[in-house]
Amino acid sequence: MANSDVALIATSAAAAGDYDNDGDIDLFIVRGDIGPNLLYRNDGNLEFQDVAASAGLAFTKSATENYRHSGVTFADMDGDGDLDLFMGGLDGDPSKLFRNNGDGTFSDVTTGSGIDVLSASYNLSTAFGDYDLDGDLDLSIAHWGTPRDYDNLGDTEHLWRNDSDLTGIRFSSVSVIAGISPSVLNLPDPNTKTETFDVTFTPTFTRIDDDLYPDLLMVGDFNRSQVFINNGDGTFDNVTDVNVIVDGNGMGSAVGDYDNDGDNDWFVSSIFSVANAKIGNRLYRNHMGAFEDVSDAAGIQDGAWGWGSCFMDFENDGDLDIYHTNGWASSIDASRAFVNSGDGTFVERAEELGIDDAEMGRGVICADFDNDGDVDIFLLHERATLWENQTTGNNYLRIKLRGVPPNTEAAGARILLTSNSITQLREIMVGSNFVSQNPTIQVFGLGTATEADIVIEWPDGQQIAVLGVAHGQTLEFEHPDL
């Protein structure tokens, strides 16, 4: 891969998505309170232009000042077909919600949205998904660092139901009635140290079992990564097996079908140290809704001090690899590229691939920024670096879905692509890898195959199938009711 510095700037968090609907993946970056936010409009051929000022996103506090933000995510919250923007507040600064006006500009619609009563001091990472299958995108937020009274947790504000209507975007906190609070923090694990603050880092809405209802995976620090299964009635059950979910210091999250067996597995980046007996990265293989820890056999434990994580197919050979950032002030180490061997094991090849970044990384976005059919890497560290994937020799297909409003990106839909007798699964997820967001367009590596069969399972269960699709295309599928 080849790299280039997007800008010599400090970065805090980033979101990726096609906010202007021109077919290119754009980038939004928040920088704390040190300067203006950046909205990089993708003009093609890896050329970006910062249009944050004209879009109304450069500053959030005043005309010249910024609040401190993280957890930025593009999502169509009002169902009008373009991507709105959520920004989580840090250190007591307010969270913000910006509506996309459809003309390249955004309007601050926080007041009266429900987000204006969000009281958590720190809002690190976010995810959107339709947990109640009512057609709109609900919100989950992780709050690492927020002070908590563990004897009286109350509403922990981790789950927000989308109640938007014609008057505007609206969210209501439903953590308690949905069964997320208080167990999201109060997991009965004897190995858990006593804390005085929220330790959740990264949420993901994804279908872990075989029904249509998105479940919730929450990566947490200090042995509090957790699994919530959706009951289909607006509530969740905490089914975390504390003998299996043992990542210790979970931070980044990647969800995908790395073994091509038809369900979503879970990679959690953590801290590895032989001297301190730290357990390191964990890979949880999914068996019909139950996880098995296969980290030791897979060979992905040693990621040093891991943060943002992605499943991506580095070489377009048809199976998912793992990339994650790395770094801590007292233990700076290179980011990791675990390449899937196709037999349940991985080989670390970051240096060979030219992506062994040794700065203090945090977030990461894996996306095809140049629309050439392979996945590039945007890395957040002291600077922002874009690594261009220059893989050659293997074929691909790119697939975008258009869902029924208000779920216009078809979050929760699944794409099954079969080529060379192997079926790959992708699920449309809107959310974070740790303070960073991948777009929803999916890139499939085909290896040497020249065609593939495709099945789309929409969020409502309807299916469409297309056979014998030639490689090298970008395809857009619409829901049958559109």
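Mentor: A salt bridge is a side-chain nitrogen of Lys or Arg within 4 Å of a carboxyl oxygen of Asp or Glu. In this predicted model, Arg68, Asp91 and Asp93 are linked in a network of such bridges.

Trainee: What makes Asp91 and Arg68 a salt bridge?

Mentor: Their side chains come to 3.1 Å, N to O. The cut-off is within 4 Å, so the pair counts as a salt bridge.

Trainee: Why is this pair said to tie together parts of the chain?

Mentor: Asp91 lies in the loop between β7 and β8, and Arg68 in the loop between α1 and β6, so the parts joined are 23 residues apart in sequence.

Trainee: Why is Asp91 called partly exposed?

Mentor: Its relative accessibility is 41%. Buried means under 20% and exposed over 50%, so Asp91 falls in between. Arg68, at 28%, is also partly exposed.

Trainee: What makes Glu478 and Arg402 a salt bridge?

Mentor: The closest N and O atoms of Glu478 and Arg402 are 2.1 Å apart, and the limit is within 4 Å. Glu478 is in strand β38 and Arg402 in strand β31, so this bridge ties together parts 76 residues apart in sequence.

Trainee: How many salt bridges are there by this rule?

Mentor: The count comes to 19.

Trainee: How many helices and strands does the protein chain have, and why is the chain called as compact as a globular protein of that length?

Mentor: The protein chain has 3 helices and 38 strands. Its radius of gyration is 20 Å, close to the 23 Å that the globule rule gives for 482 residues, so the description applies.

Note on methods:
Residues are numbered from 1 along each chain as its sequence is written. This is a predicted model: local features need pLDDT of at least 70, side-chain atom pairs count only at pLDDT 80 or more; totals for chains, interfaces and linings use all residues. Side-chain values use heavy atoms; hydrogens and water are left out. Helices (H or I, at least four residues) and strands (E, at least two) are DSSP runs, numbered from the N terminus. The radius of gyration is taken over C-alpha atoms; the globule rule is 2.2 Å times the number of residues to the power 0.38. Buried means under 20% relative accessible area, exposed over 50%, partly exposed in between (1.4 Å probe, protein chains only).
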